Amino acid sequence: MRIGVDVGGTNTDAVLMDGTTVVSSTKTPTTANVSAGIAKALRTVLEDSGIDRATIDGVMIGTTHFTNAVVERKHLTPTACIRLGLPATVCLPPMVDWPDDLREIVGGNAHLAHGGHEFDGREISAYQPDEVRAIAEKIRDAGLDAIAISSVFSPVNATFEEQSAEIVRSVIPGANITLSSEIGRIGLLERENAAIMNSCLRQLAARTVDGFKAALDELQITAPFYISQNDGTLMNADFAKEYPVLTFASGPTNSMRGAAFLSGLRDAIVVDVGGTTTDIGVLQHGFPRVAALAVDIGGVRTNFRMPDTYSIGLGGGSLIASNPLKVGPRSVGYELTEKALVFGGDVLTATDVIVAGGVSPPREGGSVEGGALSIGDASAVSHLDAELVAAVQGRIMEMIAIAVDRMKTSATPVPVIVVGGGSILVTGAVEGASEIIKPDHFPVANAIGAAIAQVGGECDRIFSLAELSRDEALDQAKGEASDRAVNAGADAESIEIVDVEEVPLAYLPGNATRIMVKAIGDLVEV
């Protein structure tokens, strides 16, 4: 038995699964105290199913907590950054591309030192331990113990980062240190940004993960728990404390993985409609398509693996304006059940309009069924003008069709899977879709995606094929990706290489090539 939980900004969803069968599911409002909301959701699925808690093998949790912290500028720890690369990179110091308010909150404490490597492992300049020690003493005197360490091309050679970490720990015992080579990909600024974000989120990560554990303890669930990553895989709780940035965008990823599982499709477009936003993503071979460009989080560019998603301000709680006609992006969010007309409130929302239209959303295979929706009090919206209702429904479908078209790579019609609690907004065919599929248990697809997830690891490095053969380079990359998956909680015997990408770098000497490898394995049985 597995329990999947997805903690969103509006709702906390939970699902209990026995293998591939959904035994029980629930959707409850997210609470300010995250652990309280999780405990409520878990208690509901346990009581509904009546199972013995000793039969639970694992609890998988997805959360937007850390993304929200960056976006909202809350709960961030002041962090120092040490970059190894002098005399190069002086013109673009650490945090140079950060929004001013976020840089101020994090502290803007940045230091440059000698070191760094070229793409082929040659040193840019000699490493100077005394220089790093002096910087560490300055950071200690400033009262900081969260430090991000980056080095030019450290994914190729992380020696200088590792040596610097040892020196910093000797000066600041117990320091919270993040090495950029452990998180980001090739690309100094984006990788460095990810490391700084990771360090400034670690204290919040420790409190949050401990809160998850407290919720499980309260319900006497002794099974291990895991946190979902943004590539559709899992990491154990201790790993999540160390690398909270790897959870960014895990919510849409879980929804896409859940959509693939529920529909049986491995290649499709997923439309995940929530209370405030709709996220559109692309499934490739059962996993989310990874963004090819740097991903912006709270105004900061990062380059760790992220799903390629597009979000629009459309959800069940979206506010409706009639003159001129406007749907969203403002929303009542988690207050939908208090403020919407069908729930006795006085605010006109997208949910009210769909209920007034009396058309059920499309079911499996794309058919549309008539009949009133059993959501709230339909009589509370019976007075709405029929022309307004039709116009809003048309605008909603137009917004979804434009978003789907934006994510497609060709004009060929593709299947569209609709999931999420707000998917009642999809009331007809989507232009450009070969079919619309709304599978069973669609409201909790995100929690199902978390429950079925495996554990993954990734390697992204540049190799010089003048020094070793292509096969040797591939073996090294596969080994590194596999090791990272094992460290995150995967069973070494189940590791499988699911993606290998090679990009020859003609502009670099030495027959350089960039190799990206993804490995996935099953959870270690405890």
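I take two strands as paired if DSSP finds at least two bridges between them. Helices (H or I, at least four residues) and strands (E, at least two) are DSSP runs, which I number from the N terminus.

**Basis.** The model is predicted, and I ask for pLDDT of at least 70 for local features and count side-chain atom pairs only at pLDDT 80 or more, whereas totals for chains, interfaces and linings use all residues. I number residues from 1 along each chain as its sequence is written, and side-chain values use heavy atoms, with hydrogens and water left out.

**Sheet.** I looked up an open sheet of four strands and noted the order β6-β5-β7-β8, with parallel pairing. Its edge strands, β6 (109-114) and β8 (176-179), each pair on one side only. From one strand to the next, the twist averages 20 degrees. I then followed strand β7 (residues 146-151), which is joined to the parallel strand β8 by four bridges. Opposite Ala 148 I found Thr 178 in β8.

**Helices on the sheet.** For these entries, contact means heavy atoms within 4.5 Å. Axes are lines fitted to C-alpha atoms, for helices over the stretch in contact, and angles run from 0 to 180 degrees between N-to-C directions. Helix α4 (residues 129-141) packs on the sheet and touches β5 (80-86), β6 and β7. I noted about 170 degrees between the directions of α4 and β6. Helix α6 (residues 188-218) also packs on the sheet, where it touches β5, β7 and β8. The direction of α6 makes about 165 degrees with that of β7.

**Helix α2.** I call a residue buried under 20% relative accessible area, exposed over 50% and partly exposed in between (1.4 Å probe, protein chains only). In helix α2 (residues 65-72), the buried residues I noted are Phe 66, Thr 67, Ala 69 and Val 70. They lie on the same side of α2, because they cover an arc of only 155 degrees around the axis. That arc is taken over the directions from the helix axis to the C-beta atoms. Their cover includes β4 (58-63), α3 (100-106), α6 and β14 (295-297). Just after α2, Arg 73 has a positive phi of about 60 degrees.

**Aromatic pairs.** I count rings of Phe, Tyr and Trp (its six-membered ring) as a pair if their centres lie within 6.5 Å; planes under 30 degrees apart are stacked, over 60 edge-to-face and the rest tilted. I found two aromatic pairs in the structure. Tyr 127 and Phe 160 are stacked, at 5.0 Å centre to centre with 10 degrees between the planes. Tyr 127 lies in the loop between β6 and α4 and Phe 160 in helix α5 (residues 159-171), so the pair ties together parts 33 residues apart in sequence. Both Tyr 127 and Phe 160 are buried. The pair of Phe 239 and Tyr 243 is tilted, because the planes stand at 50 degrees, with ring centres 4.8 Å apart. Tyr 243 counts as buried, at 12% relative accessibility.

**Backbone.** I noted a cis peptide bond between Leu 86 and Pro 87, with omega about 5 degrees. Pro 87 lies in the loop between β5 and α3. Thr 89 is also found in the loop between β5 and α3, and has a positive phi of about 70 degrees although it is not a glycine. The peptide bond from Gly 328 to Pro 329 is cis too, with omega near 0 degrees, and Pro 329 is found in strand β18 (residues 325-331).
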